[in-house]
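Subject: Structure handover

Hello,

The sequence and structure are below, followed by notes on what was found. Please read the notes with the model open.

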Amino acid sequence: HAKALGRANFQFFTEQLNRAVTERFQLEAKLRKAVASEEFELWYQPLFEPQGDVMAVCAVEALLRWRTIDGELVSPGEFIPLAEETGMIVQIGDWVIAEACRQLEKWHAGGLESLRIAINLSARQLRDKGLPLRVEQLMKQHGLGAGAIEFEITESSVMEEPTQAIAVLDALKASGASLSIDDFGTGYSSLSYLKLFPLDRLKIDRSFVSDIEHDANDAAIVGAAVSLAHNLGLRVVAEGVESATQLERLTHLGCDELQGYHLCRPLPAAAVERFLRDNPAP
Ligand code: C2E
Ligand code: MG
Ligand code: MG
Ligand code: MG
């Protein structure tokens with residue numbers, strides 16, 4: 001009896017494994033087609049800075065979406081890991097950077113001259129030695145000056161191959177891009193990279209933001225991160241701001257820029273453009 005049961009379990013397990021492998025294989029094939037026919041769009045979420053008693057938009061973060069041929073919208077969490085594993089992220093990432101530069105040139109020409117765009121980079125892109133030159137060429141082609149584009153990188157993506165990453169980051173910085181550490185506080189890397197990498201901003205992960213009203217530890221961590229960053233000459237961004245109270249706390253703790261659903265959700269290009277026009281910087 002036990003043997004039969006074991007066999008049944010084993011069969012159940014192989015069936016599950018089979019299904020998982022098949023699904024992954026199908027997703028990979030779909031993603032390859034998506035890369036070839038550029039089934040992607042960028043959504044944009046504004047970043048704000050306090051100016052007097054108003055919040056002014058200073059930047060937008062480009063967030064990738066995959067619009068499948070069935071019209072379904074897929075979030076990056078569902079395909080970026082696979083794109084990373086297979087290397088497709090390099091081509092997808094190049095599309096993201098080119099599209100963001102094209103869009104920013106349009107917005108600059110349309111009167112939003114001081115708008116900055118933040119672009120997320122993955123670990124694989126930080127090993128791509130050709131990236132900085134391609135970025136420099138795109139910036140030239142679209143007339144984007146120093147600081148107009150910013151790259152967001154995570155602690156863990158940098159720590160995968162720190163030496164290669166430093167070389168790429170130095171070159172990106174030399175091309176006029178600025179650099180930001182995303183999801184700060186979630187990796188377990190040492191703080192020493194903060195002085196090794198040519199950073200401009202530190203983006204505090206939303207896990208420290210979500211409970212900041214009730215958790216004194218989170219408030220202490222954010223406060224410490226702000227003073228550390230400011231002492232190193234970095235600006236601080238808080239992400240995942242979902243309420244007016246959080247906004248008030250984070251501003252009070254010295255965060256320079258704020259982003260989150262409470263201020264504005266990620267929007268398609270046309271909608272964010274309308275938002276920017278309706279909320280002009282003072
Ligand atoms: P991220 O860079 O940390 O981006 C923030 C994520 O949090 C976005 O999810 C955004 O929609 C979401 N978010 C913004 N405000 C709030 C809020 O107030 N509350 C909550 N709960 N969430 C908020 P999204 O767009 O699904 O992106 C997820 C992640 O995928 C990004 O995290 C980033 O790591 C990655 N990603 C997005 N676009 C790209 C890309 O073009 N290239 C690469 N390599 N990664 C990307
Ligand atoms: Mg980001
Ligand atoms: Mg983030
Ligand atoms: Mg995050």
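The magnesium ion (ligand 4) is coordinated by Asp183 (OD) and Glu239 (OE), at 2.2 to 2.3 Å; donors are N, O and S atoms within 2.8 Å of the metal (3.2 Å for Na, K and Ca), and water is not among the atoms, so sites may look incomplete.

This is a predicted model, in which local features need pLDDT of at least 70, side-chain atom pairs count only at pLDDT 80 or more, and totals for chains, interfaces and linings use all residues. Residues are numbered from 1 along each chain as its sequence is written, chains are lettered from A and ligands numbered from 1 in the order in which they are written, and side-chain values use heavy atoms, with hydrogens and water left out.

Metal sites

Asp183 also bridges the magnesium ion (ligand 4) and the magnesium ion (ligand 3), which are 2.9 Å apart. Distant parts of the chain are linked by the pair Asp183, in strand β6, and Glu239, in the loop between β8 (235-238) and α9 (244-252), 56 residues apart; helices (H or I, at least four residues) and strands (E, at least two) are DSSP runs, numbered from the N terminus. Asp182 coordinates both ligand 3 and the magnesium ion (ligand 2), and these two ions are 3.7 Å apart.

Ligand 1

Around ligand 1 there are 22 residues, counted when a heavy atom lies within 4 Å of it. The closest are Arg65, Asn120, Asp182, Glu242 and Tyr261. By type, the shell divides into nine nonpolar, five polar and eight charged residues, with Ala, Val, Leu, Ile, Met, Phe, Trp, Tyr, Cys and Pro taken as nonpolar, Asp, Glu, Lys and Arg as charged, and the others, Gly among them, as polar.

Oxygen atoms of ligand 1 make polar contacts (pairs of N or O atoms within 3.5 Å). One lies 2.9 Å from a polar side-chain atom of Asp182. For Glu239, the distance from a side-chain N or O atom to a ligand 1 oxygen is 3.4 Å. A polar backbone atom of Tyr261 is 2.8 Å from an oxygen of ligand 1. Elements that give two or more residues to the shell are β2 (54-67), α2 (76-86) and β6 (178-184). The largest share, four residues, comes from β2.

Regards

How values were computed:
Polar contact = N/O pair within 3.5 Å; in protein donor to acceptor, adjacent residues only side chain to side chain.
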